[in-house]
Amino acid sequence: MEKEILKEPNYEKELVQIIRGGLSDEDLMEHLSNYHENDIAGALEQLTPEERDSIRFSGKTEPLSESSLLRILWKW
């Protein structure tokens with residue numbers, strides 16, 4: 001009997017790809033809202049400081065900190 005081995009999803013990797021995908025702010029927020037805050041935090045750690053600073057939402061001109069992003073997602 002063959003044992004089926006399933007790969008666990010790598011949500012952080014998925015999120016990094018989504019963030020780097022060039023989506024509009026609104027689409028990016030929609031995608032991020034589907035993930036757990038721990039996965040988002042892990043993905044943010046994998047981004048360069050420049051990439052993290054480039055994440056902006058709702059017309060805000062200043063970059064969001066990781067904690068600010070997580071608070072926004074919590075309210076989404």
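The model is predicted. Of its 76 residues, 29% count as buried.

## Exercise 1: the buried residues of H1

Task: State which residues are buried in H1, and work out why they line one face of the helix.

Solution. 
- Step 1. Pick out the buried residues of H1: Leu 15, Val 16, Ile 18 and Ile 19.
- Step 2. Recall the geometry. An α-helix has 3.6 residues a turn, so residues three or four places apart point the same way.
- Step 3. Look down the axis of H1. The buried residues fall within an arc of 160 degrees, so they line one face of the helix.

## Exercise 2: the buried residues of H2

Task: Find which residues are buried in helix H2 (residues 25-32).

Solution. 
- Step 1. The buried residues here are Leu 28, Met 29 and Leu 32.
- Step 2. Their arc around the axis is only 100 degrees, which puts them on the same side of H2.

## Exercise 3: how H1 meets H2

Task: Describe the packing of helix H1 (residues 11-19) against H2 by angle and distance.

Solution. 
- Step 1. The angle is about 170 degrees, and the axes lie 10 Å apart.
- Step 2. Angles over 145 degrees count as roughly antiparallel. That makes H1 roughly antiparallel to H2.
- Step 3. List the partners. From H1 come Leu 15, Ile 18 and Ile 19; from H2 come Leu 28, His 31 and Leu 32.
- Step 4. Sort the contact residues by type: five nonpolar, one polar and no charged.
- Step 5. Compare with the burial lists. Leu 15, Ile 18 and Ile 19 are buried in H1, and Leu 28 and Leu 32 are buried in H2.

## Exercise 4: the aromatic pair

Task: Characterise the one aromatic pair of the structure.

Solution. 
- Step 1. The partners are Tyr 11 and Tyr 35, with ring centres 6.0 Å apart.
- Step 2. Their planes stand at 70 degrees, and the pair is edge-to-face. The cut-off for that class is over 60 degrees.
- Step 3. Place the residues. Tyr 11 sits in helix H1, and Tyr 35 in the loop between H2 and helix H3 (37-46). They are 24 residues apart, and the pair links distant parts of the chain.
- Step 4. Tyr 11, at 37% relative accessibility, counts as partly exposed. Tyr 35, at 19%, counts as buried, because the limit for buried is under 20%.

Terms used. Residues numbered from 1 in each chain as written. Predicted model: local features only at pLDDT ≥ 70, side-chain atom pairs only at ≥ 80, totals over all residues. Heavy atoms only, no water. Buried < 20%, exposed > 50% of the residue type's maximum accessible area, 1.4 Å probe, protein only. Helix = DSSP H or I, 4+ residues; strand = E, 2+ residues; numbered from the N terminus. Arc of directions from axis to C-beta. Axes fitted to C-alpha atoms, helices over the stretch in contact; angles between N-to-C directions. Parallel < 35°, antiparallel > 145°, perpendicular 65-115°, else oblique. Contact = heavy atoms within 4.5 Å. Nonpolar A, V, L, I, M, F, W, Y, C, P; charged D, E, K, R; others polar. Phe/Tyr/Trp six-rings, centres within 6.5 Å; stacked < 30°, edge-to-face > 60°.
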